[in-house]
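My notes follow the display.

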Amino acid sequence: MKKKVAVIILNWNGAALLRRYLPSVVEHTRADIADVIVADNGSTDDSLRVLADEFPSVETIRFDENHGFAGGYNRALAAVEGDYDYAVLLNSDVRVADDWLSPLLTFMEEHPEVTAVQPKIMSDTEPTKFEYAGAAGGYLDRHGYPYCRGRIFDTVETDNGQYDTPAEIHWASGAAMMVRIADYLAAGGLDEEFFAHMEEIDLCWRLRLRGGKIMAVPSAKVYHLGGGSLPVGNPRKTYLNFRNSLLMLHKNLPQKVRGGLLTRRRLLDTIAWARFLVGGHTADAKAILDAHRDFRRMRRPVVDAPKQNLLDVPVNILFDYYMRARRTFASLKN
């Protein structure tokens, strides 16, 4: 009988992470509904030997080079198209427990209008707290800044059951996102120009423009280490987040609002640059300048610009967080 789900873990030189986290995925992923697959992004460590010797039940897709998060997953989902209905993009530093996958699959099967879902994402090092990258579901404010149920900027909440109901969200975290493979491919997959960071937000934006819904399903729960590729505070991460955010806005906003919003973002990013500079974080300040320079170089004319403005929302997360001291999702006017 055909299995419904491909649980795909993208790996690049992550032999230690595979040894640490893959056993839980193999143990707690029901073999009757899913296959666990590792897509190797041209690793040069002993990842492939570890997979062959220690995880013989795990299928491996091998790439000759590192295509980045976006390119690796695009190739992996294209490779399994037709064999499965759904794919889970699961980071290599995610631990799972119990029957984590069934609630996600059941929800997708019962809600055909939903194109992607994420579980509740907890910290693997502090299991009572949400994890930075996704928490209990992601949102965008009116300027395109991301935040989550359970995490706003660096303020991460403890899970007290406050987000235990399913909710429609703006984006699902690429740390643990289930998506309909047909919808993923029809939307163009992850944008490979992003290389890494923000690409799942961009994908979810395009899925929503196509009429799909993105949902958080908190009855499913996983534990994410986070920072496995680039830790928070790394200038490279700062560069990618600022550059890719601008590219995402340029691509997905209606023409009538795009110019004004990007102008406001330049002003707000200038404030962020000044804060980094005053705080002595000169590499991060330079990263913002580099991000804006490369955005201007990389942006392309938008053909068939969307008509719907998905950033027509009330939240101004910078003002709410820094001026109104609203540090939790529940305190915002969503």
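I looked up R293 and found it partly exposed, at 43% relative accessibility (buried is under 20% relative accessible area, exposed over 50%, partly exposed in between, with a 1.4 Å probe and protein chains only). D294 is buried, with a relative accessible area of 9%. The two side chains meet in a salt bridge, 2.9 Å from N to O (a side-chain nitrogen of Lys or Arg within 4 Å of a carboxyl oxygen of Asp or Glu). Both belong to a network of salt bridges that links K286, D290, R293, D294 and R297.

I noted the basis of these values: the model is predicted, local features need pLDDT of at least 70, side-chain atom pairs count only at pLDDT 80 or more, and totals for chains, interfaces and linings use all residues. Residues are numbered from 1 along each chain as its sequence is written, and side-chain values use heavy atoms, with hydrogens and water left out.

I then searched the whole structure and got 25 salt bridges. One of them joins K4 and E109, with the closest N and O atoms 3.4 Å apart. K4 lies in the segment before β1 (5-11) and E109 in helix α4 (residues 102-110), so the pair ties together parts 105 residues apart in sequence (helices are DSSP runs of H or I with at least four residues, strands are runs of E with at least two, numbered from the N terminus). K4 is partly exposed at 31%, and E109 is partly exposed at 40%.

I also checked R30 and D99, whose side chains form a salt bridge at 3.8 Å, N to O. R30 sits in the loop between α1 (15-28) and β2 (34-41) and D99 in the loop between β5 (94-96) and α4, so this pair ties together parts 69 residues apart in sequence. R30 has 36% relative accessibility and counts as partly exposed; D99, at 34%, is partly exposed.

Next I took the contact of α6 with α7. I201, D202, W205, R206 and L209 in α6 meet M248, L249, K251 and N252 in α7 (contact means heavy atoms within 4.5 Å). By class, this contact has five nonpolar, one polar and three charged residues (Ala, Val, Leu, Ile, Met, Phe, Trp, Tyr, Cys and Pro are nonpolar, Asp, Glu, Lys and Arg charged, the others, Gly among them, polar).

Last, I looked up H143, in the loop between β7 (138-140) and β8 (146-148). H143 is buried at 8% relative accessibility. Not counting residues up to four places away in sequence, H143 touches L249, L261, R264, R265, L268, L311 and N316.
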